[in-house]
Amino acid sequence: MRINVTRSSMPTMDEYMNEVRSLWESHWLTNNGEKTIALKAGLENYLCCDHAELFCNGHLALEALLRAMDLHGEVITTPFTFASTTHALVRCGLTPVFADVRPKDCTLDPDAVEALITEKTCAILPVHVYGCLCDTERFEEISRKHGIPVIYDAAHAFGVKRNGVSAAAMGYASMFSFHATKVFHTIEGGCITTGDGELCQRLAVERNFGIASEESTPGVGGNAKMNEFQAAMGLCNLRRIDQDIAARKHACQLYESLLTGCVRFLPPQAGVTSNHAYLPVFFENQAQRDHVYEALKAREIYTRKYFYPLITQFECYQGKSGFDPAATPVAAGLAATVLTLPLYPDLSDEDIQRICAAIREVIA
Ligand SMILES: *Cc1c(COP(=O)(O)O)cnc(C)c1O
């Protein structure tokens, strides 16, 4: 039986039907209806943040944030991420400047970031890769010292906390993705969390064509609203989120016990409650990684080279100055040797045993 790298967690059909039933009474399908209002409140509570502004997806949430902040110039970021992080910067007319990452958690190295700050730097955009939290304290220091805002791509970090502090409360603002493959999802969806209420107003305008009121359109905004059916899926999934994360944790522990000594795992982070969003493992070299990837595929076990290639290796950025994979050797090494293994709440122990036995056999 085929095992995919992920499988979306879903409520029962009855639960979802009960949730959306009222929409047939109200006929209010989008534009800040009862479901999006309820989900916003539920997320602000669960993520322990002042404000969570909802969007139709995480990528457009990030673009809206960059626009609402009125940024111009260079943004220091990581090449070891999903296409969205860099594409959002470029599509908003900003220049990404790539710093290297740390092997222990794949997140941006604050010292490397600080060394790249110039008078053109307008923001820092680190990513909580795989849900591993960045060194947010050092980034806070750098932010204060240089007067530059730090905004996080927290697409992987739903529900993650360090010493009780939520990822959603770190930095000036954070973007979360609620895509179907994420720990918490609304089919497609996302949000910006921030402590700045004034930013929220600008985000709401940016999200809805730049319209502030019936007769006032101060901005050239796009359309990035979450609709009521997405929010209803979110309300259902939020009821089950702790259970889902516990099931992911169980799966990760079983993987570790079966693969210790065979592949490298990322060490747990001190004080961090993980959401077990992904299970990255690292091989000795690219040849071994690629061999395992292909051999598992032949057994109908689908892993993912996540993230490979680096953003700086994308065809769309070839020949652009500043896009040099050799400039971030740690990130290049991680990209060449990583696989994320199948992980989702209802992945069975038997499937994990089959996957681990296959990996051990292929490497031997
Ligand atoms: C999923 C993801 C995004 C984009 O989110 P969407 O909701 O799919 O638009 C951005 N950054 C990272 C790191 C992601 O994994």
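This talk goes through a predicted model, beginning with the ligand site and ending with the backbone exceptions.

The ligand first. It is surrounded by 16 residues, and the closest are Gly58, Asp153, His156, Ser177 and Lys182. By class, the shell around the ligand divides into 4 nonpolar, 10 polar and 2 charged residues. Helix H3, helix H4 (83–91) and strand S8 each supply at least two residues of that shell.

A polar backbone atom of Gly58 is 2.8 Å from an oxygen atom of the ligand. On the side-chain side, an N or O atom of Asp153 is 2.8 Å from a nitrogen atom of the ligand. For Gly189, a backbone N or O atom lies 3.5 Å from an oxygen atom of the ligand. How much of the ligand does the protein bury? Taken alone the ligand exposes 380 Å², and the protein buries 94% of that.

Next, helix H4, where Thr86 is placed. Is Thr86 buried or exposed? Its relative accessibility is 0%, so Thr86 counts as buried. Leaving aside residues up to four places away in sequence, Thr86 touches Thr78, Thr81, Pro96, Phe98, Ile311, Tyr317 and Phe323.

S1 pairs with S9 in the antiparallel sense, over 5 bridges. One of the bridges joins Ala52 to its partner Thr193 in S9.

Helix H7 covers residues 197–207, and its buried residues are Leu199, Cys200, Leu203, Val205, Glu206 and Arg207. What do they pack against? The partners are strand S1 (51–55), helix H3 (58–68), strand S8 (173–177) and strand S9 (190–194). H3 and S8 have already come up as contributors to the ligand shell. At the start of H7, a side-chain oxygen of Asp196 comes to within 3.0 Å of the backbone nitrogen of Glu198. After the helix comes Phe209, with a positive phi near 65 degrees.

There is also an open sheet of 3 strands, in the order S10-S12-S13, with antiparallel pairing. Its edge strands are S10 (264–265) and S13 (338–340), each pairing on one side only. S12, residues 280–282, pairs with S13 over 3 bridges. In that pairing Phe282 stands opposite Val338.

Last, the backbone exceptions. Most residues other than glycine have a negative phi, and most peptide bonds are trans. Two cis bonds are on my list. One runs from Tyr306 to Phe307, with omega near 15 degrees. The other runs from Tyr308 to Pro309, with omega near -5 degrees. Phe307 lies in the loop between helix H10 (286–298) and helix H11 (329–337), and Pro309 is found in the loop between H10 and H11 too.

As for positive phi, His27 is not a glycine and has a phi of about 55 degrees. His27 sits in the loop between helix H1 (13–26) and helix H2 (34–46), and is exposed, with a relative accessible area of 64%. Asn163 has a positive phi near 45 degrees. Its place is the loop between strand S6 (161–162) and strand S7 (165–166). Asn163 is exposed, with a relative accessible area of 62%.

That is the end of the list.

Methods:
Residues numbered from 1 in each chain as written. Predicted model: local features only at pLDDT ≥ 70, side-chain atom pairs only at ≥ 80, totals over all residues. Heavy atoms only, no water. Buried < 20%, exposed > 50% of the residue type's maximum accessible area, 1.4 Å probe, protein only. Helix = DSSP H or I, 4+ residues; strand = E, 2+ residues; numbered from the N terminus. Contact = heavy atoms within 4.5 Å. Polar contact = N/O pair within 3.5 Å; in protein donor to acceptor, adjacent residues only side chain to side chain. Pairing = 2+ DSSP bridges. Near = heavy atom within 4 Å. Areas by Shrake-Rupley, 256 points an atom, 1.4 Å probe, with all protein chains shown as cover. Nonpolar A, V, L, I, M, F, W, Y, C, P; charged D, E, K, R; others polar.
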